[in-house]
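The exercises below concern aromatic rings and their surroundings. Work through each task before reading its solution.

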Amino acid sequence: MSNELLSLMWVPFLMCLVLTGIHAYLGLHVIARGVVFVDIALAQIAALGATAAILVGFDVDSQVSYLFALGATMLGALVLSLTRSRERQVSQEAVIGVVYAVSAAGAVLLVDRAPHGAEHLRSMLVGNILTASGAHVAEVAALYAAIGLLHWFCRRPFFLISTDPEAAFRYGWRVRAWDLLFYATFGMVVTSSVRIAGVLLVFSYLIVPALAGVALGGTMSTRLLIGWGFGTLVSVIGMLASAVLDLPTGATVVCAFGLTLLLWWGFVHAWMRGRP
């Protein structure tokens, strides 16, 4: 039984590790920028693009469908970068909410005309990570490694704009251009991840490990290491619970993230109170 379980779960678990690696890092940026729901908004835009591809006759798993989704996400990234201003007269989170609402409504309109559109949207929400293959894991890992390398070379402007945008404007950085690059790469990650794991699981990997790191404090490197460790631990817990209890994998991992975060916050609070 244990060998059968291992053969079934080890590839999806590797995919979980890949998701942890890129999303925990991006989550630190998202929390620092105060745009927590940007992931859901871009994911919904990707769903809108993929649904449009279905409407014109392409299969949901086709490369053309992916390109439709990616193209829609790039337009969303452009909108988010253009709404960044030094004065911040309008909260960017409000803009994100509008983008999400409009793209969700657009997807509903297209689903009404697309064959099997409702099943597609359900798949985008909950995903099916158990269907991940070894080749798919390698493909996604290569894409995320390339994006991670780009972020490493651009780490100074990315982190400055995320943590201290006023200083970035003061130093003369072209903030909107850097934002466009950030959100474009972020959108590529979201579009690829949502096809595998669904909106809810991707959102959990983006926000919860980063929150675990932020709760304990320290440098960005420390927070990232904590986030990676937290995401890995929860992946193990969620995958095992899903297999042993015969529960849907994505939903189980999401719930494991929530419960483990509560326990982590309790630990951090008790540890902080015990410090001299």
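Buried means under 20% relative accessible area, exposed means over 50%, and partly exposed lies in between. The model is predicted.

**Exercise 1.** Classify Tyr25 as buried or exposed.

Solution. The relative accessible area of Tyr25 is 11%. The cut-off for buried is under 20%, so Tyr25 is buried.

**Exercise 2.** State how many aromatic pairs the structure holds, then classify the geometry of the pair Tyr25 and Phe159.

Solution. Step one: a search of the whole structure gives 11 aromatic pairs. Step two: in one of them, Tyr25 and Phe159 have ring centres 6.1 Å apart and planes at 75 degrees. Step three: paired rings need centres within 6.5 Å, and planes over 60 degrees apart count as edge-to-face. Tyr25 and Phe159 are therefore an edge-to-face pair. Step four: Tyr25 belongs to helix H1 (residues 2-33) and Phe159 to helix H7 (residues 155-163), so this pair ties together parts 134 residues apart in sequence. Phe159 has 21% relative accessibility and counts as partly exposed.

**Exercise 3.** Apply the analysis to Tyr205 and Phe257.

Solution. The centres lie 4.9 Å apart and the planes form 80 degrees, which is edge-to-face.

**Exercise 4.** Which residue lies over the face of Tyr183?

Solution. Arg33 does, at 5.4 Å from the ring centre. Tyr183 is also part of one aromatic cluster with Phe158, Trp173, Trp178, Phe182 and Phe186. Arg170 lies over the face of Tyr171, at 5.6 Å from the ring centre.

Terms used. Residues are numbered from 1 along each chain as its sequence is written. This is a predicted model: local features need pLDDT of at least 70, side-chain atom pairs count only at pLDDT 80 or more; totals for chains, interfaces and linings use all residues. Side-chain values use heavy atoms; hydrogens and water are left out. Rings of Phe, Tyr and Trp (its six-membered ring) pair if their centres lie within 6.5 Å; planes under 30 degrees apart count as stacked, over 60 as edge-to-face and the rest as tilted. Helices (H or I, at least four residues) and strands (E, at least two) are DSSP runs, numbered from the N terminus. Buried means under 20% relative accessible area, exposed over 50%, partly exposed in between (1.4 Å probe, protein chains only). A charge sits over a ring if NZ of Lys or CZ of Arg is within 6 Å of the ring centre and within 35 degrees of the ring normal.
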